[in-house]
Amino acid sequence: AGDALLTHTFELLTHPDLTRHFPPTTLLSVINEIAQAAGCFGMIGGQVVDMESEGQQVDLQTIEYIHTHKTAALIRVSVRSGGVLAGGNGEEVAALTAYGENIGLAFQIIDDILDIKGEQERLGKQPGSDISRHKATFPAVVGLEESTRRAREALDRALSALEIFGERGETLRELARFIVEREF
């Protein structure tokens, strides 16, 4: 499904209807950024390090690399691409990039916490699956309390990045709060 959706992204971004509304250089730039975020220096690279880390003792730097290069990279590029396609200026796109990076990191940290404290009905998977597979997670490296603190710090950074948008950023603020405040 992930391969199909990623491929569909490129199909949509090169569709003739879309190319009538955006300059080709803008579309090429967005396509390039999405490819990088999904490729070996983004999601795939993070996934490789994640798989290689299973059963290994990892440090905080490694877990941060994994988390910022997996789902977080896709969230960052999604938010950033929206800003670019909407005609955001450099300051706005930079703010959206910071927001995306931080909610992406918060999402991954909370996902790790939910794997320990969550309920199967809400998770859609068996709780504890990360532990049983000896996956590299934030709680395994820094503990639950510190993981929660770090997720909240990432939320605060994401919310701060949106200040330049005033009321226009409210939907993104609500999304960020939802990501961090999901029920355990």
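Helices are DSSP runs of H or I with at least four residues, numbered from the N terminus. The model is predicted: local features need pLDDT of at least 70, side-chain atom pairs count only at pLDDT 80 or more, and totals for chains, interfaces and linings use all residues. Residues are numbered from 1 along each chain as its sequence is written, and side-chain values use heavy atoms, with hydrogens and water left out.

**View 1. Arg173 in helix α12 (residues 170-181).** A polar atom of the Arg173 side chain lies 2.8 Å from the backbone oxygen of Gly166. Neighbours within four places in sequence aside, Arg173 is in contact (heavy atoms within 4.5 Å) with Tyr99, Leu159, Leu162, Glu163, Gly166 and Glu167.

**View 2. The largest nonpolar core, of 27 residues.** A nonpolar core is a set of buried Ala, Val, Leu, Ile, Met, Phe, Trp, Tyr and Cys residues joined through side-chain atoms within 4.5 Å. Tyr99, Ile103, Ile109, Ile110, Ala176 and Val180 touch the most other members. Two or more residues come from each of α5 (60-69), α6 (71-85), α7 (90-117), α11 (144-161) and α12, and α7 gives the most, with 10 residues.

**View 3. Val180 and its contacts.** Apart from neighbours within four places in sequence, Val180 is in contact with Ala106, Ile110, Ala151, Arg152 and Leu155.

**View 4. A second, separate core of 8 residues.** Among its members are Ile34, Ala37, Ala73 and Val77.

Key
A polar contact is a pair of N or O atoms within 3.5 Å; within protein, one must be able to donate a hydrogen and the other to accept it, and residues adjacent in sequence count only if both atoms are side-chain atoms. Buried means under 20% relative accessible area, exposed over 50%, partly exposed in between (1.4 Å probe, protein chains only).
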